[in-house]
Amino acid sequence: MNEPRPPARKAQLRLVLVDELCRLDCVRDPGQRVLFGQSVGEYLELAVDLPGKDARGDMVSLVQIVLRSRSDDVDAGVEAAVEAFVYAVGLHEGSDTAGELRERVQAVWAPGPAAGLLLHGAFEDRDVKAARALVAGQPGLDRRGLRDRLAHELRLELPGHLTPVELFEHLLDLNAQADGLPPAVVMLEFLAVLAPRESDRRRMRDWCDGWANGAAAGAGAGDALRRRREGLAAAGSRDRGGTERGGERGAQGAVQRGAERSADGDSPRCLIIMVDPAPDGSPDIFVRHWVNRVSGDWAPVAGSLERATLRSLEAAVERAIRRGEEYWADADRDGEDLSPIHVEFVLPYTMLNHDVAGLGRNADAPDTVPIGLRYYVHLRSLERMRTRDPAQLRRWRMRWQTLRSSAAARPHPWTWTGTDDPDGNGDTDGTDGTDPVSAIGTVNGTAATDRSGAARATDRAADRAAGLRIWRNQLVADQLLTAVTLGAPAREGQGLEPLKAAIAEGIGVALWDRRDPSQRQQLGAPLDMLVAFPTAQLPGTIHRLRTKAETHQNGAQLPGRYVAFFYDDPFRLIDCEEVPA
């Protein structure tokens, strides 16, 4: 009796991929499964349309579509397909899960060397010496930024605290990429994009061309090098000025490929948490996070996406923070980076008044503390982050550049004139405090009072709309206004409308008291004083204010318990595409 024939190598690869993908949380959830398929297609620039029946059926279809689309060159095609799946898994589930997938796939499809291309010892000694001299000739490089951005380009874990020359030496010992290019060659091409002098850029590219036409001649290295060079050049132009052109995809287009550097060159260690209402009409939310591992460069690493509720948001944030701490500990094993860690919440308009800095304050566990006590916490706008309007992006960048170049922000205060106490006398009827019927007079019983009350409400609404229009026009007319202070919380009918207007006009800094005006003392003066601090000191100033409120005996009465801090940098963007319904 014949023994069963083992499955062909490519068939076994399909089995492994489908089995591994079906274990993922993002694949088991129908809504996230669609997003996962789109991420795979985005990587390959391939239209992906899943049947939408069940998780396994969708993954079988996805794997077949992807492998079939890369069938022109079997080995290279499979490598590209695997990289697409690893990318999507890393995006949705994190780098650890992506690494596990890569290991399991390589167990059945170990990448082989390209024909005629040695993976080790691919360079002559004289070539290595020449390349080492080229790298050493770039003394102004930020070693941590170079390491992180090169790790992103190569999709490799690279050791920290290496000088550029030591990093080059490390890459010499690594196997070639899926396109056949050794990582050391990719590093030279990468440095050619960053080098400030044209002569250095030319020498680095000449070195790479010499390798492709010499040791790797006839192995397709020339075409692979050309494709990689074009990709790096495109990413480099976006990094230097892509956000300043807006682009077809707005803010997302600026961050889809490669990391961006903050305009002031001083991006913090940071955890970015995006909260997005579920598009299916349910009260659920999607929570996704990114981690900027080191201060200096802006190169956020995407974490997982999970479905939650407002009640479980705190637990989701705790998991994201725990993941961020792992990244920061790994990136700074010697404990040399003492810079503060920021936690930024990218929220929809409807959630901007949520007390995110106080998450953890009311937790049942005795060892929990509000996150605003450990981290610099501030708010950002989800709607603006997703905008595709180049004019709005331009206004946002211009206001921020003006803000950064000034000694302090110049605020544009908005004063609450709502219906809680329109006369400021402690009542809510708009009179001088006397009996409303006596003040108005009686016609047909209470009918006149009702009509007068409705008329006053209509007049107040009209006055408020006119006042908001004038307030926004003042903001448009004076481009030196770089911050707003709100006299009411960011809720509909109170302070949210002027906040929306300010965001639309490019304002990146705003402060307000989250409490209703009827439940608090006026906080306008402290807010105006706060915003007068130098812009770079604002996050720390707000942090100290919150710390005082959390450590003082009467902290519940202090403004730090209730202050909301909106701090939205247009040069620190994330790729926050909408979750499809």
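What share of the contacts in the chain with a separation of 6 or more is accounted for by residues 24 or more positions apart? The share is 70%, where contact means heavy atoms within 4.5 Å.

## Basis of the model

This is a predicted model, in which local features need pLDDT of at least 70 and side-chain atom pairs count only at pLDDT 80 or more, while totals for chains, interfaces and linings use all residues. Residues are numbered from 1 along each chain as its sequence is written, and side-chain values use heavy atoms, with hydrogens and water left out.

## Overall composition

The chain contains 22 helices and 9 strands; these are DSSP runs numbered from the N terminus, helices being H or I with at least four residues and strands being E with at least two. Of its 581 residues, 48% count as buried. Buried here means under 20% relative accessible area, exposed means over 50%, and partly exposed lies in between, with a 1.4 Å probe and protein chains only.

The largest nonpolar core has 47 residues. Such a core is a set of buried Ala, Val, Leu, Ile, Met, Phe, Trp, Tyr and Cys residues joined through side-chain atoms within 4.5 Å. The members that touch the most other members are Ile 273, Phe 345, Leu 352, Leu 379, Leu 499 and Trp 512. Helix α14, residues 313–331, gives the most to this core, with 7 residues. In soluble globular proteins, nonpolar side chains tend to be buried together.

Helix α14 has 19 residues and reaches 27 Å from its first C-alpha to its last, close to the 27 Å expected at 1.5 Å a residue; the expected span is 1.5 Å times one less than the number of residues. Its buried residues are Leu 313, Ala 316, Val 317, Ala 320, Ile 321, Arg 323, Gly 324, Tyr 327, Trp 328 and Ala 331. Seen down the axis of α14, these buried residues fall within an arc of 165°, so they line one face of the helix. The arc is that of the directions from the helix axis to the C-beta atoms.

## Ile 273 and His 289

Not counting residues up to four places away in sequence, Ile 273 touches Val 287, Arg 288, His 289, Val 317, Ala 320, Val 343, Glu 344, Phe 345 and Val 346. Among these, Val 317 and Ala 320 are buried residues of α14.

His 289 is found in strand β2, residues 285–292, and is buried, with a relative accessible area of 8%. With the exclusion of residues up to four places away in sequence, His 289 touches Leu 271, Ile 272, Ile 273, Val 301, Ala 302, Gly 303, Ser 304, Ala 320 and Arg 323.

## Gly 372

Gly 372 lies in helix α15, residues 371–374, and counts as buried at 5% relative accessibility. Leaving aside neighbours within four places in sequence, Gly 372 is in contact with Ala 357, Val 377, His 543 and Arg 546. Gly 372 and Val 343 are 29 residues apart in sequence, and their C-alpha atoms are 8.7 Å apart in space.

## Packing of α7 against α10

Helix α7, residues 125–136, and helix α10, residues 183–194, have axes that come within 11 Å and cross at roughly 35°. Axes are lines fitted to C-alpha atoms, for helices over the stretch in contact, and angles run from 0 to 180 degrees between N-to-C directions. The crossing is left-handed, a term for a near helix turned anticlockwise from the far one by less than a right angle. At this contact, Ala 131, Leu 134 and Val 135 in α7 meet Met 187, Leu 188 and Leu 191 in α10.

The 12 residues of α7 reach 16 Å from first C-alpha to last, close to the 16 Å expected. Val 128, Ala 131, Leu 134 and Val 135 are buried in α7; seen down the axis, the buried residues of α7 fall within an arc of 125°, so they line one face of the helix. These buried residues pack against α9 (164–172), α10 and α11 (198–213). The face of α7 turned away from its buried side carries the exposed residues Asp 125, Arg 126 and Lys 129.

Helix α3 is mostly covered, with 11 of its 15 residues buried. The buried residues include Phe 36, Tyr 43 and Leu 44. Leu 46 lies in the loop between α3 (30–44) and α4 (55–69) and is partly exposed, with a relative accessible area of 26%. Leu 46 and Val 66 are 20 residues apart in sequence and 8.3 Å apart in space, C-alpha to C-alpha.

Glu 83, in helix α5 (residues 74–93), counts as buried at 13% relative accessibility. Apart from neighbours within four places in sequence, Glu 83 is in contact with Tyr 43, Arg 102 and Arg 155.
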